[in-house]
Amino acid sequence: MLTVDSLQVTYGGAVEAVRGVSMEVPDGAVVAVLGSNGAGKSTLLRTISGTLRLHRGRVDAGSVRLGDLDLTRRDAGQIVRAGVVQVPEGRRIFGRLTVEENLRAGGMGNRDRAAKAEAVARVHDLFPVLRERAGQRAGLLSGGEQQMLAIGRALMASPRLLLLDEPSLGLAPRVIGQIGEVVAEINRQGTAVLLVEQNATMALGVADRAYVLDVGKVSLSGNARELAQTDEVQRLYLGHTGDAPEQRTDRAPLRSLSRWSA
Ligand SMILES: Nc1ncnc2c1ncn2[C@@H]1O[C@H](COP(=O)(O)OP(=O)(O)O)[C@@H](O)[C@H]1O
Ligand SMILES: [Mg+2]
């Protein structure tokens with residue numbers, strides 16, 4: 001179980017990006033985090049994965065724990081070894097390397113050859129296109145294929161918990177549907193997933209539980225299916241598939257949802 005407790009994060013000592021967030025990701029669960037642009041979703045994932053410092057951010061208060069292990073302020077390598085692996089916003093694959101080389105880069109922490117081969121086979125079964133395109137430059141893949149490669153690369157580290165930052169961003173609706181199916185399958189194979197999304201249709205379709213972040217705070221949380229049925233989530237989030245993020249202006253109406261806060 002991942003437990004985030006009363007987390008406060010700032011950038012440059014000034015911008016309060018996360019203001020007292022608490023949440024849980026039980027072992028083997030899919031938990032979604034929804035919220036408009038600037039809500040603090042990426043900051044939350046960066047804090048969990050230990051990459052916050054690369055963005056000049058700092059944890060001011062609160063903690064992140066994985067079971068009994070305190071992950072707060074640990075470095076990214078230790079956190080990967082603890083089983084928590086992030087797919088960053090914008091995919092960040094190595095465009096000039098081949099698909100296969102990208103996957104191998106994700107398995108670098110794993111010295112065991114047999115385990116590595118098994119991980120590649122598992123990724124290839126999940127994404128047959130990565131097997132077909134193994135020798136091709138990753139930069140030549142479509143956006144959806146690049147996202148699948150980014151997810152596949154993260155899976156090479158055999159995570160217990162996979163952190164996904166807006167995997168649907170910029171993808172066509174059909175491809176977004178495939179991403180949702182992939183998340184469900186990864187979860188069926190035993191990996192917990194913390195899924196950050198602006199696409200609520202996909203995220204609530206696959207998640208067990210969901211949290212809505214609004215200007216750095218949790219404004220709403222609960223069972224994903226129940227949240228999806230509320231009028232407000234329907235109106236604010238559902239049907240907004242693939243919209244340009246800067247067109248989203250849900251901030252004021254979201255506050256009215258806070259009465260459902262857990
Ligand atoms: N590297 C950074 N330096 C300074 N401010 C940042 C940085 N990254 C994000 N922020 C600010 O922190 C807040 C939350 O951003 P972010 O976590 O990226 O939100 P989201 O992922 O939900 O769009 C925003 O006000 C954003 O401008
Ligand atoms: Mg973000």
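Which strands does helix 1 lie across? I looked, and helix 1 lies across strand 1, strand 2 and strand 4, running at about 115° to strand 1. My axes are lines fitted to C-alpha atoms, for helices over the stretch in contact, with angles from 0 to 180 degrees between N-to-C directions. Helices (H or I, at least four residues) and strands (E, at least two) are DSSP runs numbered from the N terminus.

Ground rules for these notes: this is a predicted model, where local features need pLDDT of at least 70, side-chain atom pairs count only at pLDDT 80 or more, and totals for chains, interfaces and linings use all residues. Residues are numbered from 1 along each chain as its sequence is written, chains are lettered from A and ligands numbered from 1 in the order written, and side-chain values use heavy atoms, leaving out hydrogens and water.

I traced an open sheet of four strands, order 2-1-4-5, with antiparallel pairing. Strand 2 (15-25) and strand 5 (69-70) are the edge strands, each pairing on one side only. Strands count as paired if DSSP finds at least two bridges between them. Strand 1 (residues 2-11) and strand 4 (residues 57-66) share eight bridges, in the antiparallel sense. I picked out Gln8, whose bridge partner in strand 4 is Ala61.

**Metal.** Next I checked the magnesium ion (ligand 2), and found Ser42 (OG) and Glu89 (OE) coordinating it at 2.0 to 2.4 Å. Ser42 is in helix 1 (residues 41-49) and Glu89 in the loop between strand 6 (84-87) and helix 3, so the pair links parts of the chain 47 residues apart. Donors are N, O and S atoms within 2.8 Å of the metal (3.2 Å for Na, K and Ca); water is not among the atoms, so sites may look incomplete. Ser42 counts as buried at 13% relative accessibility, while Glu89, at 28%, counts as partly exposed. The cut-offs are under 20% relative accessible area for buried, over 50% for exposed and in between for partly exposed (1.4 Å probe, protein chains only).

**Helix 3.** Which residues of helix 3 (residues 99-106) are buried? I get Val99, Asn102, Leu103 and Gly106. They sit on the same side of helix 3 because they cover an arc of only 100° around the axis, taken from the directions from the helix axis to the C-beta atoms. They pack against helix 4 (113-126), helix 5 (128-132) and helix 6 (143-155), with contact meaning heavy atoms within 4.5 Å.

**Thr191.** Last stop: Thr191, in the loop between helix 7 (173-188) and strand 8 (192-197). Thr191 is buried, with a relative accessible area of 3%.
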